[in-house]
Amino acid sequence: MNVADQIFEMFSRHGNEAYFGEPVSQTEHALQTALQAEQENAPQTLVVAALLHDVGHLLHGMGEDVANRGVDARHEAAGEAWLARHFPPAVTEPVRLHVAAKRYLCHTDPDYFGQLSPASVQSLELQGGAFTEHEARVFEAHRYFGEALRLRRWDDAAKIPGLEVPDLEHYRPALSAVARTL
Ligand code: FE
């Protein structure tokens, strides 16, 4: 099975589950994140990263209420590990860093924390809270720092109930173009 089909199968199996305390499903959330990337003319690798940034949630099978149970599922690491089998760092690194980007923005942007949804505030605690000044400086030096922040902003805004978006098939050409040929 090619990688696009594998991904679409995961979405069809788990994508209808709610996106952790938000008013959209996992699939809606992924599609809304990817559409913003497209609308901002992000490179294809970053559009794919946006679509797949929460693939770790579809993999881990811990149920939608993990944060409520006080567990940090480390979905960004699980997602990155799975994606690394198929995609280059320009896809996997923004995915791996999208939680760190939230912690970074909580430190550097005074308005950011107040804009987070209640579910996102709850998971922030489990993810280690806002970065310290030192952690923020280290993060800024990362090669994919800019991409991680862009992805994070789209992620945070991708929670609009009922928004009309292109379906998963719309992203098949991008997935095929960006996937490694192993
Ligand atoms: Fe997300």
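Predicted model: local features only at pLDDT ≥ 70, side-chain atom pairs only at ≥ 80, totals over all residues.

User: What makes the protein agree with the rule for a compact globule?

Analyst: A compact globule with 182 residues would have a radius of gyration near 16 Å, and the protein has 15 Å, so the two agree. Its C-alpha atoms fill a box of roughly 45 × 35 × 30 Å along the principal axes. Among contacts between residues at least 6 apart in sequence, 72% join residues at least 24 apart.

User: How many helices and strands does the protein have?

Analyst: The secondary structure comes to 12 helices and zero strands.

User: Why is the pair R150 and E40 called a salt bridge?

Analyst: The rule asks for a side-chain nitrogen of Lys or Arg within 4 Å of a carboxyl oxygen of Asp or Glu. The closest N and O atoms of R150 and E40 are 3.5 Å apart, so the pair passes. This bridge links distant parts of the chain: R150 sits in helix α11 (residues 145–157), while E40 is in the loop between α2 (26–39) and α3 (44–52), 110 residues away. By the same rule, the count comes to 11 salt bridges.

User: Are R150 and E40 buried, exposed or partly exposed, and how do you know?

Analyst: Buried means under 20% relative accessible area and exposed means over 50%, with partly exposed in between. R150 has 29%, so it counts as partly exposed. E40 has 46%, and therefore E40 is partly exposed as well.

User: What separates R137 and E140 along their helix?

Analyst: R137 and E140 are three residues apart in helix α10 (residues 133–140), so about one helical turn separates them. R137 is partly exposed at 39%, and E140 is partly exposed at 29%. Elsewhere, salt bridges that share partners join D5, E169 and R172 into one network.

User: How do you know which residues are donors of the iron ion?

Analyst: For this metal, a donor must be an N, O or S atom within 2.8 Å. Y19 (OH), H29 (NE2), H53 (NE2), D54 (OD) and D155 (OD) lie 2.2 to 2.5 Å from the iron ion, so these residues qualify. Along the chain, the donors follow the spacing Y-x9-H-x23-H-D-x100-D. Among them, H29 in helix α2 and D155 in helix α11 are 126 residues apart, and both are buried.

User: Which residues touch the most other members of the largest nonpolar core?

Analyst: This core has 34 residues, and I7, V48, L51, L52, F87 and L175 touch the most other members. Its largest share, seven residues, comes from α3. Not counting residues up to four places away in sequence, F87 touches several residues, including V3, I7, V48, L52 and L175. Another core, of 16 residues, lies apart from this one, with C106, F131, A136 and F145 among its members.

Notes: Residues numbered from 1 in each chain as written. Heavy atoms only, no water. Helix = DSSP H or I, 4+ residues; strand = E, 2+ residues; numbered from the N terminus. Buried < 20%, exposed > 50% of the residue type's maximum accessible area, 1.4 Å probe, protein only. Donors = N, O, S within 2.8 Å, 3.2 Å for Na, K, Ca; no water. Core = buried A, V, L, I, M, F, W, Y, C linked by side-chain atoms within 4.5 Å. Contact = heavy atoms within 4.5 Å. Rg over C-alpha atoms; globule rule 2.2 N^0.38 Å.
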